[in-house]
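Here are my notes on this model, as numbered points. Have the viewer open while you read.

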Amino acid sequence: MNKSEILSRLREDDPKRLKELWRLADETRRAHVGEAVHLRGLIEISNNCVRECGYCGLRAGHKTLKRYRMSAEEVLDCAHKAVSFGYGTVVMQAGEDYGITGPWLAEVVRRIKSATPLAVTLSMGERPEQDLALWKEAGADRYLLRFETSDPELYRLIHPSLPDRVSDRLAILRQLGALGYEVGSGVMIGIPGQTYDSLANDILLFAELDLDMIGVGPYISHPATPLGTVDMHERDARGTTGVPPVEWKRRIPPGDQAPNTELMCYKTVALTRLACPEANIPSTTALATLNKATGRELGLRRGANVVMPNLTPLQYRALYEIYPAKACIFEDALACHGCLKGRILSLGRELGSGPGGRVRH
Ligand code: SAM
Ligand code: SF4
C-alpha cells in the first residue's frame, strides 16, 4: 500500500468500502497468522513514573494519584495464574519507575523463566541500555515501547524529554532489536494535533521498522493531564500548561485532525494488518474501553490476533489509571480469563497455545 491509498482508506466512510477493508484485513490475518488468538497476561507492576507525558494519568505531575509497586512475590503469583489459565506469555508493564531497579527486575524475570514455560514481555519505558541488556540476559523475550506518533513536532509537544536525556524512542527500538528482543511498538489514535497524514505515516513506519508486535488504540482524554484540558473542537477557549493551544490551532487546518473514534481505530488496525501481515496485533483494552460490549471482538475480526487479559491484583487495578473508565478494572484475573476466552470462542477462533511469538514466512 502506498501513502495515498492508506490516506484514502483512513478517510473512508462508505459502508460498502469499509466492509471490503474489514474483509481484506481478516483474510490477511488468517493467511499469515492463522486462527489462533494469543493470550498475553498483563501484569501492571507499578504505577510510579518519572515522566510528564501530556496524555497519561500516571505522569509524575499527577500528585493526587496513589502510587503502588508490586512485590516480587505478587508478580510471581500472577505468573503462576497465567500458567494455570493456559497463557503462553506474561507482559509486565509499568510507568518509567527507577524504583524498579535493573537487577531487581532481572531476578524476577529469571524466577519466572525458571519456574514456568512463559514467554516474558516487558514494557518499562525508556530505560537505559544497560537495564535492557540485563533483562535480556535474564531471559526476557520481548519489549513493547510505542513511538506514540511519527510526527516529531507533535511527539515533542506531548512527550517531554527528561532534563538529562532526549527522548528518542525510535533509537531505543533499534537498540532492542540489536539486543535480540522481539520488538513491539505502536501509536495512539486521535491525539489532539495528530493529522490523518501523520497517522498514515505511522502505518508506513510500522512496516519500515518491521515490527514484531504493533499496538494501536484510541487516545482517551484524562482530565488530570495537560492534554486532557485540550478540547479538540474549541482549542482556543481553554488554556493549559505544556501544550499551548494556540500552537495546536496553527498546526492543524480544519478537517485534518484524526478523530479518536472507535471507527478510526478499526481502520487503523485493519490497515496495520495489511501493511504488516505477520505482526502480532492486539485488540487493545483502550478499544474495549470505547465499546465494552463488542470492541474487542470487532478488533479481532478486523485484523487483530492477540488479547491481553489483565492479571493485575484487583487492589491495584483502578490505580493504573492511564485514562478514566478503563475496561476490566473491577473483574479479577479469573473473571477476565473467562470473559475473554468466551469472546474468542464465540468468534469461531482458537485459543493460542505456547509462546505465540512472531512467525516469519
Ligand atoms: N511507561 C511505559 C511507556 O510509556 O511505554 C509503559 C506504560 S504506558 C501507560 C503504555 C501506553 O499507554 C503508552 O505507550 C501510551 O500509548 C498509552 N497511553 C497513555 N496514556 C493514554 C491515554 N490517555 N489514552 C490512550 N492510551 C494512553
Ligand atoms: Fe509514564 Fe508511560 Fe504514562 Fe508516559 S505513558 S507518563 S512514560 S506511564
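1. Axes are lines fitted to C-alpha atoms, for helices over the stretch in contact, with angles running from 0 to 180 degrees between N-to-C directions. Helices (H or I, at least four residues) and strands (E, at least two) are DSSP runs, numbered from the N terminus.

2. Housekeeping: this is a predicted model, where local features need pLDDT of at least 70 and side-chain atom pairs count only at pLDDT 80 or more, while totals for chains, interfaces and linings use all residues. Residues are numbered from 1 along each chain as its sequence is written, chains are lettered from A and ligands numbered from 1 in the order in which they are written, and side-chain values use heavy atoms, with hydrogens and water left out.

3. Take α4 (residues 102-115) and α5 (residues 129-138): their axes come within 8 Å and cross at roughly 20°. The two helices are therefore roughly parallel to each other. On the α4 side the contacts (heavy atoms within 4.5 Å) come from G102, P103, L105, A106, V109, R110 and K113, and they meet D131, L134, W135 and A138 in α5.

4. Now α1 (residues 3-10) and α10 (residues 262-275), whose axes come within 10 Å and cross at roughly 150°. That makes α1 roughly antiparallel to α10. This crossing of α1 and α10 is right-handed. I6, R9 and L10 in α1 meet M264, K267, T268 and L271 in α10.

5. On to the aromatics. Rings of Phe, Tyr and Trp (its six-membered ring) pair if their centres lie within 6.5 Å; planes under 30 degrees apart count as stacked, over 60 as edge-to-face and the rest as tilted. The count by this rule is five aromatic pairs. One of them is Y68 with Y316, stacked at 4.4 Å centre to centre and 10° between the planes. Y68 lies in the loop between β1 (36-46) and α3 (72-84) and Y316 in helix α13 (residues 314-317), so the pair ties together parts that are 248 residues apart in sequence. Both Y68 and Y316 are buried (under 20% relative accessible area, with exposed over 50% and partly exposed in between, using a 1.4 Å probe and protein chains only).

6. Y143 and Y181 make an edge-to-face pair, 5.8 Å centre to centre with 75° between the planes. Y143 is in strand β4 (residues 142-144) and Y181 in the loop between α7 (169-179) and β5 (182-189), 38 residues apart. Y143 is buried at 0% relative accessible area, and Y181 is buried at 4%. K136 also lies over the face of Y181, 5.7 Å from the ring centre (NZ of Lys or CZ of Arg within 6 Å of the ring centre and within 35 degrees of the ring normal).

7. Which residues does P309 touch, leaving aside its neighbours within four places in sequence? They are L39, R40, G41, L42, Y87, C336 and L340. P309 sits in the loop between β7 (306-307) and α13, buried at 1% relative accessible area.

8. Last, check the backbone at E148: its phi is near 70°, a positive value in a residue other than glycine. E148 is in the loop between β4 and α6 (152-158) and counts as buried at 7% relative accessibility.

Key. Parallel < 35°, antiparallel > 145°, perpendicular 65-115°, else oblique. Left-handed = near helix turned anticlockwise from the far one by under 90°.
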